[in-house]
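Me: I have a structure open and want to go through it with you. Can we take it piece by piece?

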Amino acid sequence: MTHPFHPLFAQQLPCVGRRYNRYGERLLLQDRNGAVWSLPPGWTDVASPDPDVVMGHGQSLLRVSDFLELADLVSRLSGKSVRRPRSGM
C-alpha cells in the first residue's frame with residue numbers, strides 16, 4: 001500500500017524491483033496498466049512505521065522532512081521555486 005497522499009493510495013501493487021539513487025532506496029511498483037512507479041519505501045507499508053507517526057498516535061501522517069520533499073516535488077513539477085528556510089531553524 002502507498003502513502004495516503006499518493007495517487008496510488010490503498011492499492012496493493014507488486015514490487016517489481018528496487019533501485020538506489022542519490023536520494024536513497026526506491027521501490028518500483030507496477031500498477032494495473034503496467035506503468036512502473038518509483039517510490040521511497042517510507043511511503044509504503046514495506047517500511048517499519050515511522051517513530052514520529054507512532055508517537056503522534058497517527059495524528060501526523062508526514063514528518064517535516066516529508067513535507068519539504070513534497071513541496072520540492074510540487075515546485076519542480078509546476079516549474080515554480082519554493083523558498084526554503086535557512087538551516088538551523
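Predicted model: local features only at pLDDT ≥ 70, side-chain atom pairs only at ≥ 80, totals over all residues.

Me: Fine. Which residue does Arg18 form a salt bridge with?

Reply: The partner is Glu25, and the closest N and O atoms of the two are 2.4 Å apart. Side chains of opposite charge can pair when their charged atoms come close.

Me: How many salt bridges does a search of the whole structure find?

Reply: One. That is the bridge of Arg18 and Glu25.

Me: How many bridges join strand 1 and strand 2?

Reply: Six, in the antiparallel sense. One of the pairs to look at is Arg19, whose bridge partner in strand 2 is Arg26.

Me: And strand 2 with strand 3, how many bridges there?

Reply: Four bridges join them, and they run antiparallel; strand 2 covers residues 24–30. Across that pairing, Leu29 stands opposite Trp37 of strand 3.

Me: What about the turns? How many residues lie between strand 1 and strand 2 in their hairpin?

Reply: Two. The hairpin of strand 2 and strand 3 has five residues between its strands, and Gly34 in that hairpin takes a positive phi near 95°.

Me: Back to the loop between strand 1 and strand 2. Is Tyr23 there buried or exposed?

Reply: Tyr23 sits in that loop and counts as exposed, because its relative accessibility is 63% and the cut-off is over 50%.

Me: What does the side chain of Tyr23 make a polar contact with?

Reply: With the side chain of Arg22, at 3.3 Å. Tyr23 can also be placed against Pro40: they are 17 residues apart along the chain, and their C-alpha atoms are separated by 9.0 Å.

Me: Changing topic, the helix. Where is Val74 found?

Reply: Val74 is in helix 2, which spans residues 64–78. At 48% relative accessibility, Val74 counts as partly exposed.

Me: Which residues make the nonpolar surface patch with Val74?

Reply: Phe67, Leu70, Leu73 and Leu77 make it together with Val74, and the patch is about 460 Å². Val74 can be included because its 48% relative accessibility passes the cut-off of over 30% for patch residues.

Me: And Ser75, buried or exposed?

Reply: Ser75 belongs to helix 2 as well, but is buried, with a relative accessible area of 9%.

Me: Which backbone oxygen lies 2.8 Å from a polar atom of the Ser75 side chain?

Reply: The backbone oxygen of Asp72.

Conventions. Residues numbered from 1 in each chain as written. Heavy atoms only, no water. Pairing = 2+ DSSP bridges. Patch = residues over 30% accessible without salt bridge, like charges linked within 9 Å, V, L, I, M, F, W, Y side chains within 5 Å. Areas by Shrake-Rupley, 256 points an atom, 1.4 Å probe, with all protein chains shown as cover. Salt bridge = Lys/Arg side-chain N within 4 Å of Asp/Glu carboxyl O. Buried < 20%, exposed > 50% of the residue type's maximum accessible area, 1.4 Å probe, protein only. Polar contact = N/O pair within 3.5 Å; in protein donor to acceptor, adjacent residues only side chain to side chain.
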